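This briefing concerns the structure shown below. It covers surface and charge, overall fold, and aromatic contacts in turn.

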Amino acid sequence: MEALIYGYLRDDLADGNSEELEDAMSSFARGEGLCFAATFHESTAGDGTAFAELTAELKRADAHHVVVPSLDHFAGQTIPRDILIAKLAHEAAARVWTIQS
């Protein structure tokens, strides 16, 4: 069975391209041999609700992979990007992937 990977997307950065970004994250996952499970959408910049739900789902599903369009999708939150990435690593042993190099 392929390992699960979840997407995380800030809608305010998607510029109306959420569907295309989700397709790109799903394609990336397939290319890495991972099973794309779902995308968590942060609809209010800085709110953090979807991030908390993502973290809980990673733990529930014993999943350890997250993909974002770019690390900018962690920036702008109330907690700085590096702390959010460290939180995923610490609480869910998750690795963060980006579709942009």
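The model is a predicted one.

**Charge and burial**
- Side chains of the protein chain include 7 positive and 17 negative ones, with 7 Å between the centres of the two sets.
- Of the 101 residues in the protein chain, 39% are buried.

**Fold and dimensions**
- The protein chain contains 4 helices and 4 strands, arranged along the sequence as β-α-α-β-α-β-α-β.
- Along the principal axes, the C-alpha atoms occupy a box of roughly 35 × 30 × 20 Å.
- When contacts between residues at least 6 apart in sequence are considered, 74% of them join residues at least 24 apart.

**Aromatic pairs**
- The count of aromatic pairs is 5.
- One of them is the stacked pair of Tyr8 and Phe74, with 5.4 Å from centre to centre and 15° between the planes.
- This pair connects distant parts of the chain, 66 residues apart: Tyr8 belongs to strand β1 (residues 4-10), while Phe74 sits in the loop between β3 (65-68) and α4 (81-92).
- Tyr8 and Phe74 are both buried.
- Phe51 and Phe74 form an edge-to-face pair, at 6.1 Å centre to centre and 85° between the planes.
- Here Phe51, in helix α3 (residues 49-61), is 23 residues apart from Phe74 in the loop between β3 and α4.
- Phe51 and Phe74 are both buried.
- Through ring pairs, Tyr8, Phe51 and Phe74 are linked into a cluster.

Notes: Residues are numbered from 1 along each chain as its sequence is written. This is a predicted model: local features need pLDDT of at least 70, side-chain atom pairs count only at pLDDT 80 or more; totals for chains, interfaces and linings use all residues. Side-chain values use heavy atoms; hydrogens and water are left out. Helices (H or I, at least four residues) and strands (E, at least two) are DSSP runs, numbered from the N terminus. Buried means under 20% relative accessible area, exposed over 50%, partly exposed in between (1.4 Å probe, protein chains only). Contact means heavy atoms within 4.5 Å. Lys and Arg count as positive and Asp and Glu as negative; His and the chain ends are not counted. The place of a charge is taken as NZ of Lys, CZ of Arg, CG of Asp or CD of Glu. Rings of Phe, Tyr and Trp (its six-membered ring) pair if their centres lie within 6.5 Å; planes under 30 degrees apart count as stacked, over 60 as edge-to-face and the rest as tilted.
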